[in-house]
2 protein chains.
Amino acid sequence: MMRTYPLDAGAKTPLYEQLYRAIRQDIMSGALAGGQRMPSKRRLAAHLEVSQSTIETAYGQLAAEGYLLAKPRSGYFVQSMERAAPAAPEAPAPVAAPAAPDAPAVAFDLRTNRVDTDGFPFATWAKLLRGELTCRASQLLDAVPPQGAPELRAQICEYLAEFRGIRARPEQVVVGAGSEYLLMLLIQLLGRERVYALENPGYPQLRRVFCAGGAQVAPIGLDGSGLRVDALRRSRAGAVYLTPSHHFPLGVVMPAARRLEVLQWAAEGQDRYILEDDYDSEFRYASRPIPAMKQLDHAGRVIYLNTFAKSLAPSLRIGYMVLPERLLPAYRETLGFYASTVPSFEQYTLARFLQSGSFERHVARIRNRYKSRRDRLLAALQRSTLAGRLHVTGAEAGLHLLARLDGPLSEAQMVARAAQCGVRVAGLSGYYLPGSEACPPATVLLGYAGLAGDALEQAVAALETAWG
Amino acid sequence: MMRTYPLDAGAKTPLYEQLYRAIRQDIMSGALAGGQRMPSKRRLAAHLEVSQSTIETAYGQLAAEGYLLAKPRSGYFVQSMERAAPAAPEAPAPVAAPAAPDAPAVAFDLRTNRVDTDGFPFATWAKLLRGELTCRASQLLDAVPPQGAPELRAQICEYLAEFRGIRARPEQVVVGAGSEYLLMLLIQLLGRERVYALENPGYPQLRRVFCAGGAQVAPIGLDGSGLRVDALRRSRAGAVYLTPSHHFPLGVVMPAARRLEVLQWAAEGQDRYILEDDYDSEFRYASRPIPAMKQLDHAGRVIYLNTFAKSLAPSLRIGYMVLPERLLPAYRETLGFYASTVPSFEQYTLARFLQSGSFERHVARIRNRYKSRRDRLLAALQRSTLAGRLHVTGAEAGLHLLARLDGPLSEAQMVARAAQCGVRVAGLSGYYLPGSEACPPATVLLGYAGLAGDALEQAVAALETAWG
């Protein structure tokens with residue numbers, strides 16, 4: 001007997017769609033059994049009082065999806081389904097994460113991941129972007145080469161030669177969607193059976209990138225000259241990640257002698273590498289920028305990494321690395337197939353931004369701005385009632401300084417009391433890897449990059465109350 | 001005795017910089033020994049006949065970089081350097097890769113990685129991008145949440161509900177810089193000790209992504225209904241990558257019964273997953289789009305993947321995946337720290353592009369365009385002298401079809417002769433994993449997405465010559 005499907009010609013859903021869904025439901029439920037022949041289009045159309053084309057469209061779709069089988073000159077047959085054991089329905093959507101307990105409002109955010117986005121040259125960027133949209137047109141839509149747009153890689157090389165003293169060919173440059181992505185590539189290039197030495201303290205995310213990538217890490221402590229090479233030698237590390245120009249978060253500049261020691265360590269092994277992260281080299285206030293370690297790398301053991309996250313904006317997601325010549329064949333062989341991860345629009349716009357001198361001007365302007373914020377913060381701390389008990393270090397460069405407070409308050413108490421007074425600061429211990437020994441007591445990071453106007457003085461006043 | 005440094009006041013390089021370099025050179029060469037006291041600023045300034053501030057700047061920089069040590073009230077001392085064994089200089093830059101031997105000019109590119117970029121709605125995209133630049137201003141510069149901009153994830157969910165029959169919450173969506181990047185994340189999420197079953201034939205890059213990620217792959221053959229579940233069961237795979245709506249490159253649509261079988265396979269294991277790549281679901285010509293397999297996924301075993309590479313442009317680098325609820329806690333725990341890899345500009349612009357209906361209109365327009373190109377190609381092949389010997393399959397959807405040629409020519413000969421006549425085509429065997437058995441003979445892929453106007457007819461005429 002022919003089944004009847006209630007179809008509603010007035011509904012928003014087209015008739016063929018209603019019919020398609022109803023038949024599919026019958027097939028899935030078993031009401032229409034495998035092998036059964038469907039009524040002819042003509043007969044079903046008459047039965048349901050719809051046009052034959054409605055039936056034809058529905059049958060056609062069911063056949064395309066494999067619910068029906070169309071046999072030439074004999075009609076449509078129900079496909080048999082191996083009926084799966086009734087699966088447990090997927091767990092219902094979890095309720096939204098509970099809101100944080102009544103936290104005091106954050107008036108001043110002195111965490112270190114802030115940059116001053118007010119300083120971003122929006123008008124210039126938008127103008128260059130529009131120019132690229134107009135001039136390049138469809139070229140923007142073609143995939144860029146895996147290592148990045150040649151124009152951008154050439155500009156990066158010019159920038160490195162002029163400002164970081166690094167000579168590199170565009171062929172050595174790989175542009176990618178941020179440092180984390182580039183590190184994912186490097187783990188694949190250098191191997192996940194390798195132990196990677198990490199500065200301790202350092203970026204908390206770093207350990208997670210290496211561990212998620214399947215590699216082992218060895219935390220290495222610092223002394224006044226940066227990473228301890230004696231500890232590096234005792235580790236089984238085959239690569240070391242460094243921030244030699246300005247250690248994060250301690251602010252140590254690795255002196256030339258220590259740099260040579262690390263380079264010597266690398267040269268002693270067949271296959272040791274140094275990952276130099278030059279993340280904020282643009283922001284040094286007391287002297288010229290510290291040259292990159294890559295400059296001293298005559299043996300081709302330094303992989304240089306940098307991003308535009310601090311100098312332009314975190315949301316642009318453009319980073320790059322410079323591979324030593326000796327690694328290029330392996331890179332091309334094993335990773336050269338990966339498509340470039342940065343949109344062409346951004347790559348071409350950034351290339352023009354560098355070429356036109358806009359980047360250099362922007363960095364000079366924003367460096368002055370950050371310097372004056374640092375100076376205001378230092379002056380406010382100096383004038384404050386905390387001055388006698390507060391020891392500041394790491395203020396020569398970067399976008400934050402370290403403040404250690406003499407007295408009874410622990411680091412956790414400093415952070416909590418600051419929060420109660422509306423100031424968000426990060427404790428230094430959070431940058432140490434789990435199981436580390438000696439974190440200096442009662443020390444917090446104060447980031448000043450995101451606070452304009454009187455905000456820094458007001459934040460210091462709030463800290464006086466918090467820690468007084 | 002005080003050393004003399006030849007300084008040139010007329011040079012482009014400032015005096016302090018010349019002095020800095022000269023002293024650094026002396027320290028590096030050993031001419032100035034470790035521990036040695038430098039002349040006072042006053043004395044050296046008089047000796048070199050330059051201002052004291054020149055000396056001060058040079059000494060300051062050398063101290064900042066660790067070449068000199070400043071001792072309060074006693075002056076500057078040379079730091080001792082552990083002299084590294086003279087490192088072998090880095091290998092000279094390799095000569096440029098030799099140019100390809102005289103290849104005939106490519107007049108018609110029928111490879112499958114082309115899309116029609118002429119169809120990209122430049123004006124609309126540029127207008128929306130300008131709008132975002134104006135309205136969001138500095139918000140564009142803040143980092144977006146790790147899983148992507150909430151606006152974009154919400155729009156993706158609406159699109160999936162309307163066009164792919166998938167119900168998902170924005171919390172399940174992860175936006176990333178292309179499929180390869182998303183697969184890198186999935187390998188980290190699901191584990192690299194797992195065996196991943198891959199369709200064979202399939203995307204050649206796929207095996208490389210999994211292998212570079214440290215995972216093992218198991219190639220699984222296809223029959224007329226797609227991936228063979230019997231072979232999948234015999235493999236040790238814990239996850240399977242599928243293109244069920246339109247297999248690449250064969251064009252098979254996996255029928256509902258086979259889909260249920262694969263879902264059943266997944267449900268039988270504690271921890272098995274299906275990676276559904278829905279890469280070109282927008283381009284189906286004969287019927288409505290085939291629903292996504294995710295629609296049938298009541299047990300939460302399907303990870304849905306898609307990109308805008310084919311529907312918009314490869315250079316935008318925006319892909320996304322929908323994770324089942326059951327995987328969200330593990331994702332947040334182990335990978336939630338990764339910063340979003342897609343620039344905020346693109347994310348917000350794409351969200352507006354989806355919201356405004358521009359994407360839907362664009363897809364409808366370009367689908368018609370691709371359909372008419374496919375029809376022209378089919379008609380030209382039909383009219384051609386090859387018609388009797390040429391068997392076309394996989395033309396119902398996507399941006400290419402398969403053509404098998406009866407006669408004496410091998411696949412390699414077909415590709416080579418086509419190239420001699422200016423037509424670039426890809427042989428089917430290139431999509432089979434190494435060591436596969438049965439690749440159909442004398443079969444090539446003909447991609448029609450990139451050829452406008454008379455180009456398709458001209459390309460077919462060239463193929464007549466090549467294969468006639």
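Begin by selecting the buried residues of helix H1 of chain A, where buried means under 20% relative accessible area with a 1.4 Å probe and protein chains only: these are A:Glu17, A:Gln18, A:Leu19, A:Tyr20, A:Ile23, A:Asp26 and A:Ile27. The model is a predicted one, in which local features need pLDDT of at least 70 and side-chain atom pairs count only at pLDDT 80 or more, while totals for chains, interfaces and linings use all residues. Residues are numbered from 1 along each chain as its sequence is written, chains are lettered from A in the order in which they are written, and side-chain values use heavy atoms, with hydrogens and water left out.

Helices (H or I, at least four residues) and strands (E, at least two) are DSSP runs, numbered from the N terminus. With contact taken as heavy atoms within 4.5 Å, show helix H2 (41-48), helix H3 (52-64), strand E1 (68-71) and strand E2 (75-78) of chain A, against which the buried residues of H1(A) pack. Just after H1(A), A:Gly30 takes a positive phi of about 90°.

Next come the backbone exceptions. Most residues other than glycine have a negative phi, and most peptide bonds are trans. Select A:Glu49, in the loop between H2 and H3 of chain A, where phi is near 60°; A:Glu49 is exposed, with a relative accessible area of 72%, exposed being over 50%. In chain B, go to B:Arg73, in the loop between strand E1 (68-71) and strand E2 (75-78), which has a positive phi of about 65°.

For the cis peptide bonds, select A:Phe248 and A:Pro249, joined with omega of about 5°, and then B:Asn200 and B:Pro201, joined with omega of about 10°. A:Pro249 is in the loop between strand E9 (239-242) and helix H9 (256-268) of chain A.

Finally, display both chains: 91 residues of chain B are in contact with 91 residues of chain A. The buried area, which is the accessible area (1.4 Å probe) lost by two parts on being put together and summed over both, is about 7,400 Å² between chain B and chain A, with 62% given by carbon and sulfur atoms. Across this interface the rule finds zero salt bridges, a salt bridge being a side-chain nitrogen of Lys or Arg within 4 Å of a carboxyl oxygen of Asp or Glu. H4(B) gives the most to the side of chain B that touches chain A, with six residues.
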